[in-house]
Amino acid sequence: MNYKTIYLKKGKDESLKRFHPWVFSGAIQHADDGIEEGEIVRVVNNGGEFVALGHYQIGSIAVRVLSFDDIEINDDFWYDRLKKALDMRICIGVADNPTNNTYRLVHGEGDSLPGLVIDCYGKTAVLQAHSVGMHVCRMAVAQALLKVMGQRIENVYYKSETTLPFKADLSQENGFIFGESTDNVAVENGLQFHVDWLKGQKTGFFVDQRENRALLERYANGRSVLNMFCYTGGFSFYAMRGGAKLVHSVDSSAKAIELTNANVEMNFPGDQRHESFCDDAFKFLDSADGKYDLIILDPPAFAKHRAALHNALKGYTRLNVKAFERIKPGGILFTFSCSQVVTKDHFRNAVFTAAAISGRNVRILHQLHQPADHPINIYHPEGEYLKGLVLYVE
């Protein structure tokens, strides 16, 4: 196929030679006329040699690389990439698992499909584009997805209303592009939950905390549990299955609390151990002195870009100080950051600072990260976004 070409400045192909999947706008010398946002382009070096193929986009990341081979991006390409993604999920035991039909099938750069996320919830796949190029290719991707997944998937829901670049002005609306289903119940490690793919955050559930929720279950027996920023209650119903004596779920969103209550009731009907609160996290922690010996802090991203990093780290420190000050002696704190611009060292330093301010003696039990179905491309370390610590507080 005759793709238009982008020409790099001298020496600006070095990162691409190391298979990093992004071309920054500052690396471009010039480009063919008439390239439209979302179009597939060839990238060549200063000497005119082929380097990569990818989606062009207006912004600091100008090209997201689809292939380092000079091939045609066609139906066979999408099928091959999705088949490799599925094979890996089968290999790690999250797909074709009778106790788990919830997993991430495609994780952007981690699956060599930058700008694309696909989460599977039972018979429905939720497809999300984070680039104009993936939006343009959504139907080809969805068709290849149905072919690859066979009987596993019957419906494809497209949920990109809030993830596409604002300046692209695509006026995208969420909706089913194949099939249709009102069955929004999925299973994770034998527990059921409602997925709000219509209005919920991300694709409707935080799939990336599956393994960390399972770890929490091991620590919950006999404990009083506080799940802050509970969203739809994932950590809460794992804690209940783990034998917690009480579980309190807190979120500032009334819709989130409604879903939490529905999820807890579906798994533990009539169970009096659980109570939920629609409240501000900091205010609730102020009144939580000495009530809990297991606390989960899983806030939304405090920093979505580098300019917000300083204030984000202050926010993480302040939040963790409150938890350290109020948790019972011998308590366990699960604390997380999902901000991509916050590194593991940034986050650990924020939590260390909080521990020092509180004056508590704190030990690290586990260092947590995203699960295997959210793989990190070894050539793209920026893909590591979720980090967490499990701490024992004397």
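1. Let me begin with a pair of helices. Helix 9 (residues 309-326) packs against helix 10 (residues 344-358) at an angle of about 40 degrees, their axes 8 Å apart. Helices here are DSSP runs of H or I with at least four residues, strands are runs of E with at least two, and both are numbered from the N terminus. Axes are lines fitted to C-alpha atoms, for helices over the stretch in contact, and angles run from 0 to 180 degrees between N-to-C directions. Helix 9 and helix 10 are therefore oblique to each other (under 35 degrees is roughly parallel, over 145 roughly antiparallel, 65 to 115 roughly perpendicular, and the rest oblique).

2. A word on the source. This is a predicted model, in which local features need pLDDT of at least 70 and side-chain atom pairs count only at pLDDT 80 or more, while totals for chains, interfaces and linings use all residues. Residues are numbered from 1 along each chain as its sequence is written, and side-chain values use heavy atoms, leaving out hydrogens and water.

3. From helix 9, the residues in contact include L309, L313, Y316 and F324, and from helix 10 they include F347, A350, V351 and I357; contact means heavy atoms within 4.5 Å. By class, the contact of helix 9 with helix 10 has eleven nonpolar, five polar and one charged residues (Ala, Val, Leu, Ile, Met, Phe, Trp, Tyr, Cys and Pro are nonpolar; Asp, Glu, Lys and Arg charged; the others, Gly among them, polar).

4. Which sheet does helix 9 lie across? Helix 9 lies across strand 17, strand 18, strand 19 and strand 20 (387-393), at about 170 degrees to strand 18. These strands belong to an open sheet of seven, ordered 16-15-14-17-18-20-19, with mixed pairing (two strands pair if DSSP finds at least two bridges between them). Strand 16 (274-278) and strand 19 (362-369) are the edge strands, each with a single partner, so one side of each has no neighbour in the sheet. The twist averages 15 degrees from one strand to the next.

5. Within that sheet, strand 17 (residues 294-297) and strand 18 (residues 331-337) run parallel, joined by four bridges. L294 stands opposite I332 in strand 18. Helix 6 lies across strand 14, strand 15 (246-251), strand 16, strand 17 and strand 18, at about 180 degrees to strand 15.

6. There is also an open sheet of five strands, in the order 7-8-9-10-11, again with mixed pairing. Strand 7 (102-107) and strand 11 (175-178) form its edges with a single partner strand each, so one side of each is left without a neighbour in the sheet. Strand 10 (residues 155-158) pairs with strand 11 in the antiparallel sense over three bridges, and V156 stands opposite F178 in strand 11.

7. Helix 4 (residues 138-149) lies across strands 7, 8, 9, 10 and 11, running at about 60 degrees to strand 11. Helix 2 (residues 75-91) packs with helix 4 at an angle of about 50 degrees, with axes 9 Å apart. Helix 2 passes helix 4 in a right-handed crossing.

Methods:
A crossing is left-handed if the near helix is turned anticlockwise from the far one by less than a right angle, and right-handed if clockwise.
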